[in-house]
Amino acid sequence: MKKTSILIGFILLVHTSLQAADTTAQQPAELPAAAGEAVSAELSSAQAQMQLSEAMRQNRFSQANRERIRELLEDMEQDGLPTEPVTDKVYEGIAKGVEPEIIVQAAERVRNRYRIAERQAGELIPASQQRTRLREMIVGAYAAGMTEPECSNLVSQLQSRTRSMNAAEVQELTLQTMA
């Protein structure tokens, strides 16, 4: 009986020690995991840029054209715009066998569309999530053939009509109009 009590006590002591060690080991590990996700995202971005650079090199892009695409991507990042549309345009051009100079021009047009759309969306809706949605709608309208003067005119009309509306009504009317 005494041996059994000692054995149970020893097992409980070891089990409790192991649990305490597990919880202290888990707590510090949580911070690196969160930081690891950020590092992983940066690595993914860096890897994507390296893959794009390699694809351009393999498809006979000149150094100047590769540099121009890199600058476009940096500009979009600095402006807080998504870089995927430019990257996608480059890959699309490569897949279609388009000349590198024409691909660069198309990528510049995509970047310009996003810049203009972001500015116009910001004139209508200050909230970032809805503004992002509106920006994507405006970019889609440009891709479908709407011109900048037409869209600017529409933005002006919306601004004058929404002056007496509350923020929710402005967002709803603006998003429905652009849809």
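## Overall make-up

Of the chain's 179 residues, 27% count as buried. The model is a predicted one. The chain contains 7 helices and 0 strands, and along the sequence the pattern reads α-α-α-α-α-α-α. Among contacts with a separation of 6 or more, 62% are between residues 24 or more positions apart.

Arg60 lies in the loop between helix H1 (2–58) and H2. Its phi is near 60 degrees, which is a positive value in a residue other than glycine. Most residues other than glycine have a negative phi. Arg60 has a relative accessible area of 72% and is therefore exposed, the cut-off for that class being over 50%.

## Helix H2

H2 is made of 16 residues. From its first C-alpha to its last it reaches 22 Å, close to the 22 Å expected at 1.5 Å a residue. The buried residues in H2 are Asn65, Arg66, Ile69, Leu72, Leu73 and Met76. They lie on the same side of H2, because the arc they cover around the axis is only 120 degrees.

Gln63, Ala64 and Gln78 are exposed, and they sit on the face of H2 turned away from its buried side. After H2 comes Gly80, which has a positive phi, near 75 degrees.

## Packing of H2 with H4

Helix H2 (residues 63–78) and helix H4 (residues 100–124) have axes that come within 10 Å and cross at roughly 10 degrees. H2 is therefore roughly parallel to H4, as angles under 35 degrees count as such.

On the H2 side, the contact is made by Asn65, Arg68, Ile69, Leu72, Asp75 and Met76. H4 contributes Pro100, Glu101, Val104, Ala107, Glu108, Arg111, Tyr114 and Arg115. By type, the residues of this contact divide into 7 nonpolar, 1 polar and 6 charged. Asn65, Ile69, Leu72 and Met76 of H2 take part in the contact, and these four residues are also buried.

## Thr174 in H7

Which residues surround Thr174, once its neighbours within four places in sequence are left aside? Thr174 belongs to helix H7 (residues 167–178), and the contacts in question are with Leu124, Ile125, Leu134 and Leu158. One of these, Leu124, is the residue at which H4 (residues 100–124) ends. Thr174 is buried, because its relative accessible area is 0%, and buried means under 20%.

Note on methods:
Residues are numbered from 1 along each chain as its sequence is written. This is a predicted model: local features need pLDDT of at least 70, side-chain atom pairs count only at pLDDT 80 or more; totals for chains, interfaces and linings use all residues. Side-chain values use heavy atoms; hydrogens and water are left out. Axes are lines fitted to C-alpha atoms, for helices over the stretch in contact, and angles run from 0 to 180 degrees between N-to-C directions. Helices (H or I, at least four residues) and strands (E, at least two) are DSSP runs, numbered from the N terminus. Angles under 35 degrees count as roughly parallel, over 145 as roughly antiparallel, 65 to 115 as roughly perpendicular and the rest as oblique. Contact means heavy atoms within 4.5 Å. Ala, Val, Leu, Ile, Met, Phe, Trp, Tyr, Cys and Pro count as nonpolar, Asp, Glu, Lys and Arg as charged, and the others, Gly among them, as polar. The expected span of a helix is 1.5 Å times one less than its number of residues. Buried means under 20% relative accessible area, exposed over 50%, partly exposed in between (1.4 Å probe, protein chains only). The arc is that of the directions from the helix axis to the C-beta atoms.
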